[in-house]
Amino acid sequence: MEKFEYKAVFYDTKGFFGGRVDENKLTAELNALGREGWEMVSSTTTNQSYGSSVGIVCIFKRKIEE
């Protein structure tokens with residue numbers, strides 16, 4: 001049976017009202033995790049008032065080698 005480990009990462013959105021993401025920085029961080037064997041399986045935003053977002057939560061998994 002395959003076994004996995006999981007990792008949750010919070011990416012802060014900048015700005016007084018939230019919602020600003022540095023796309024280049026986020027892409028670089030996601031690619032770095034991918035090179036370490038992490039695969040993103042889910043992502044969601046953390047909402048605050050009027051639809052703005054405080055951050056993005058990404059869930060990753062990778063296979064545990066035995």
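Student: What does Leu26 touch, leaving out residues up to four places away in sequence?
Tutor: Leu26 touches Tyr11, Val21 and Ile56, where contact means heavy atoms within 4.5 Å. This is a predicted model, in which local features need pLDDT of at least 70 and side-chain atom pairs count only at pLDDT 80 or more, while totals for chains, interfaces and linings use all residues. Residues are numbered from 1 along each chain as its sequence is written, and side-chain values use heavy atoms, with hydrogens and water left out.

Student: Which residues make up the largest nonpolar core?
Tutor: Eight residues do: Val9, Tyr11, Leu26, Leu33, Trp38, Ile56, Cys58 and Phe60. A nonpolar core is a set of buried (under 20% relative accessible area, 1.4 Å probe, protein chains only) Ala, Val, Leu, Ile, Met, Phe, Trp, Tyr and Cys residues joined through side-chain atoms within 4.5 Å.

Student: And which elements give two or more residues to it?
Tutor: Those are strand 1 (4-12), helix 1 (23-35) and strand 3 (53-63), with strand 3 giving the most, three residues. Helices (H or I, at least four residues) and strands (E, at least two) are DSSP runs numbered from the N terminus.

Student: Switching to the sheet, what is the strand order?
Tutor: The three strands form an open, antiparallel sheet in the order 1-3-2, and two strands pair if DSSP finds at least two bridges between them. Strand 1 and strand 3 pair over nine bridges, and Lys7 stands opposite Phe60 in strand 3.

Student: Why is one side of strand 1 and of strand 2 left without a neighbour in the sheet?
Tutor: Strand 1 and strand 2 (39-47) stand at the edges and each has a single partner strand, so one side of each lacks a neighbour in the sheet.

Definitions and conventions:
Buried < 20%, exposed > 50% of the residue type's maximum accessible area, 1.4 Å probe, protein only.
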